[in-house]
Amino acid sequence: MKYNVKIKLLVLICTVIGVSSYARQADQRHMLWYDKPANNWNESLPIGNGYIGGMVFGNPGHERIQLNESTIWAGGPNNNIDSEAGKNISKVRALLASKKYVEAQELANRTLGPKGNSGMPYQLAGNLIIDIPAHAAVSNYRRDLDISRAIASVSYTHNSVNYKREYFTSFTQNAMLVRLTADRPKMISCKISLQSPLSFGASVIGDNFVLSGKGSDHENQKGQIKFNVITRVKSSGGTQHTDTSGISIAGADTAVVYLAMATNFINYKDISADALKRAESSLDRAFKSSFPTLAAEHELFYKKYYDRVSLDLGITDAVKKTTDVRIAEFADGRDPQLAELYFQFGRYLLICASQPGSQPANLQGIWNGELKGPWDSKYTVNINTEMNYWPSEVTQLSELSAPLFNMIADLSVTGRQSAQKMYHARGWMLHHNTDIWRTTGIVDGAFWGLWPMGSAWLSQHLWEHYLYTGDRNFLKKQYPIMKSAAWYFMDVLQTDPEHNWLVVSPSISPENQYIGGKIPVSVAAGATMDNQLIYGLFTNLMRAATILKTDKNFSDSLARLRDRLPPMQVGKHGQLQEWLEDFDNPDDKHRHVSHLYGLFPGNQISPFKHPKLFAAAKNSLIYRGDVSTGWSMAWKINLWARLLDGNHAYKLITDQIKPVSGGSGGTYPNLFDAHPPFQIDGNYGCTSGIAEMLLQSHDDAIYLLPALPDAWPNGSVKGLIARGGFKIDMEWTDRKITRLVIHTSLNGDCRLRLNQQANNKSFKKSTGPVGKDNLNRSTDIKAPLIKSDDERLNTQLSESWVYELSTRAGKSYHIIGE
Ligand code: FUC
């Protein structure tokens with residue numbers, strides 16, 4: 001070999017080694033991995049494409065992939081509203097107005113419970129089983145999920161042969177693929193089958209093994225969802241045989257299982273599709289392409305979302321440990337990368353559970369292994385559904401909110417029935433739950449379910465999308481839905497006899513009680529959260545009407561009503577009152593922190609404008625404590641970030657990323673959040689919370705590193721989005737920003753708040769108030785009612801500086817560093 005050829009070869013080898021070891025290290029960043037198969041559902045690994053989902057158990061001898069199709073729900077088209085409710089609602093209202101709280105609750109419990117049904121459960125499709133009994137005992141076992149590619153794999157050695165399985169749910173073909181390979185020919189022999197508790201039969205149609213099933217009958221509703229799961233195998237070098245027990249493969253070099261699922265569901269009122277035809281056409285289309293081609297297409301599609309944001313909070317040798325061990329050790333503080341992995345896992349779960357055209361992510365995303373999962377695996381809209389979508393805008397997954405917006409559009413139709421028939425009001429409304437049929441009635445019982453505020457909270461997401469994107473066409477399209485949500489409240493607001501304020505009655509401060517005892521009382525008038533939600537809805541609409549140059553009179557009437565809403569009140573414990581009266585108990589550890597809606601996700605409690613109110617909100621959160629259910633802790637991460645306390649937010653991350661024990665929340669080995677049981681909102685909420693610690697954009701400026709904990713002194717993030725369409729790339733060292741680049745998508749003023757002074761000539765210290773069109777504007781609230789000069793309301797804020805830069809769309813501005 002000539003000398004220079006040798007050199008070139010060496011360079012090539014070094015490059016390959018270098019690149020692959022770099023790639024290995026880089027890969028670890030995005031890898032969940034284990035040295036054992038999953039023992040139970042909370043150890044299995046989720047894959048999904050918004051429409052179909054799978055939980056991979058990875059057992060060598062008996063593989064189980066639990067299957068979901070997002071439209072398999074019990075029951076059929078219906079709305080669970082109670083046309084008789086109106087008269088009882090009026091009576092409960094009258095009792096509340098005369099402060100007969102226990103009587104009001106008692107009447108509500110008796111007369112305003114669920115009518116018909118409490119919503120339908122989301123159900124599993126079944127299981128794909130791959131049996132290889134000879135592989136009961138294996139060595140060298142590894143199971144992983146690479147969230148940078150959305151591909152899971154299992155590898156092991158048996159009788160000196162190395163086997164590998166790869167699994168993904170194609171984003172481009174709506175099919176699931178599983179490839180089985182070995183490093184010696186003719187080694188793949190297995191039996192592939194499908195099973196489901198909902199099945200009414202297996203058949204062979206052509207080369208396809210077909211399972212037919214039907215959603216359950218439930219609470220007086222006939223199961224009307226019909227579905228099919230079908231599978232076909234492409235094997236090479238061996239034999240293959242299909243009968244009604246499954247597909248048998250013998251002596252093959254490789255086998256690729258193609259699987260498709262579909263239902264007859266078109267929308268909440270139309271279930272006329274042909275499930276089998278749909279599933280067959282997906283399978284036929286996918287089957288035309290090879291595994292590598294589909295895997296490459298899948299990865300490309302997925303990366304378009306995933307790669308938009310990168311985060312680096314530091315990496316240590318801890319990444320070499322299995323993910324379950326890392327969870328157990330996270331609180332020791334030696335594994336900052338696990339927070340990054342958890343953050344990105346939340347983004348992974350949103351990409352895999354919510355795609356434009358799919359159903360929105362439910363309480364379990366799309367992953368549910370039961371016929372009736374926890375809380376039916378439906379949509380709970382008094383926090384949980386909204387939390388699912390908190391990370392979408394800020395972590396640059398804006399398009400993935402489309403399913404939520406579609407559901408809101410559906411609810412704005414079905415919710416008119418409940419508004420009209422139950423409350424004799426215009427507009428649309430729903431209570432604290434809905435399902436695939438977009439039901440809007442009271443469920444579970446009045447104590448939890450008599451909460452008529454769902455439309456106000458959901459509408460906030462429409463407005464937020466506008467704030468992040470500046471998309472006026474979107475705002476124009478959604479404006480009538482927001483307006484119709486406001487009509488409902490315009491019609492039902494009641495005058496509170498004591499203060500003459502306008503309040504919602506009856507309602508509850510989600511799911512909390514203010515009187516204990518034999519009949520715990522939750523039913524109330526004028527709960528703080530309700531006031532904040534309506535104040536927000538009316539304010540957003542008034543701003544939208546100005547932007548769209550429309551509806552001056554309507555906007556004026558909103559302004560008049562808004563003036564009469566109750567202000568936020570600070571109570572005797574130096575807390576933000578949860579109710580109109582000062583009922584709060586500082587020992588109350590309830591998981592819901594509804595009155596802090598105004599702090600997050602709302603923007604009505606500013607440290608700079610209303611420091612005493614801000615301090616009261618903080619006191620409320622301190623009284624509530626840290627450890628709670630998974631989603632509650634995730635909410636508190638966001639809240640502590642808004643309280644500008646990074647260390648407390650980080651403390652809650654350590655409470656959340658810990659193994660599950662007892663009744664409080666934590667993290668399962670597969671990184672799923674535990675309420676317990678598994679509920680996906682905590683995953684999404686924590687992702688949002690981490691973003692909120694690094695970037696906020698709701699209080700008259702974009703605040704960078706507003707709540708950086710001591711645990712992350714150095715780091716970088718690329719691609720977070722601030723309201724106003726700004727994309728932020730930044731690095732920090734010793735807690736100081738050392739590089740900052742802002743990419744703009746709109747023309748406008750960029751106001752930045754920094755914890756350091758910046759030396760950039762084009763970047764001026766801000767002197768005036770925020771412009772009225774600025775999308776980072778906070779909400780101007782009514783002056784809070786602060787009864788005492790309590791020293792617990794003093795706030796110490798660390799120094800920060802506000803700068804201004806006028807920006808043009810499509811440009812990048814290097815503000816700090818090169
Ligand atoms: C609300 C919460 C529960 C649970 C359920 C799905 O009712 O109070 O904790 O998360 O939703």
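**Group meeting: rings, charges and a ligand site**

Let's start with Y156. Its relative accessibility is 3%, so Y156 counts as buried. Keep in mind that this is a predicted model.

Now its partner. Y163 has a relative accessible area of 7%, so Y163 is buried too. How do the rings of Y156 and Y163 sit, and why is the pair called stacked? We describe a pair of aromatic rings by the distance of the centres and the angle of the planes. The structure holds 35 aromatic pairs. For Y156 and Y163, the ring centres are 5.4 Å apart and the planes meet at 20°, so this pair is stacked. The cut-off for stacked is under 30 degrees.

On to the ligand. What surrounds it? The shell consists of L363, W375, T380, N384, E511, R591, H592, W631, H675 and Q679. Sorted by class, that is three nonpolar, five polar and two charged residues.

Look at the oxygen atoms of the ligand. E511 puts a polar side-chain atom 2.3 Å from a ligand oxygen. H675 has a polar side-chain atom 2.6 Å from a ligand oxygen. For W631, an N or O atom of the side chain is 2.9 Å from an oxygen atom of the ligand. And how much of the ligand does the protein cover? On its own, the ligand has 290 Å² of accessible area, and the protein covers 97% of that.

Last topic, salt bridges. A search of the whole structure finds 43. I'll show two examples. E578 and R624 meet through their side chains, with N to O at 3.0 Å. D332 and R334 form a salt bridge as well, and their closest N and O atoms are 3.7 Å apart.

R334 is at 58%, so R334 counts as exposed. The line between those two classes is drawn at 50%.

Over to you for questions.

Methods
Residues are numbered from 1 along each chain as its sequence is written. This is a predicted model: local features need pLDDT of at least 70, side-chain atom pairs count only at pLDDT 80 or more; totals for chains, interfaces and linings use all residues. Side-chain values use heavy atoms; hydrogens and water are left out. Rings of Phe, Tyr and Trp (its six-membered ring) pair if their centres lie within 6.5 Å; planes under 30 degrees apart count as stacked, over 60 as edge-to-face and the rest as tilted. Buried means under 20% relative accessible area, exposed over 50%, partly exposed in between (1.4 Å probe, protein chains only). A residue is near a molecule or strand if one of its heavy atoms lies within 4 Å of it. A polar contact is a pair of N or O atoms within 3.5 Å; within protein, one must be able to donate a hydrogen and the other to accept it, and residues adjacent in sequence count only if both atoms are side-chain atoms. Accessible areas come from the Shrake-Rupley method with a 1.4 Å probe; for residues, only the protein chains shown count as cover. Ala, Val, Leu, Ile, Met, Phe, Trp, Tyr, Cys and Pro count as nonpolar, Asp, Glu, Lys and Arg as charged, and the others, Gly among them, as polar. A salt bridge is a side-chain nitrogen of Lys or Arg within 4 Å of a carboxyl oxygen of Asp or Glu.
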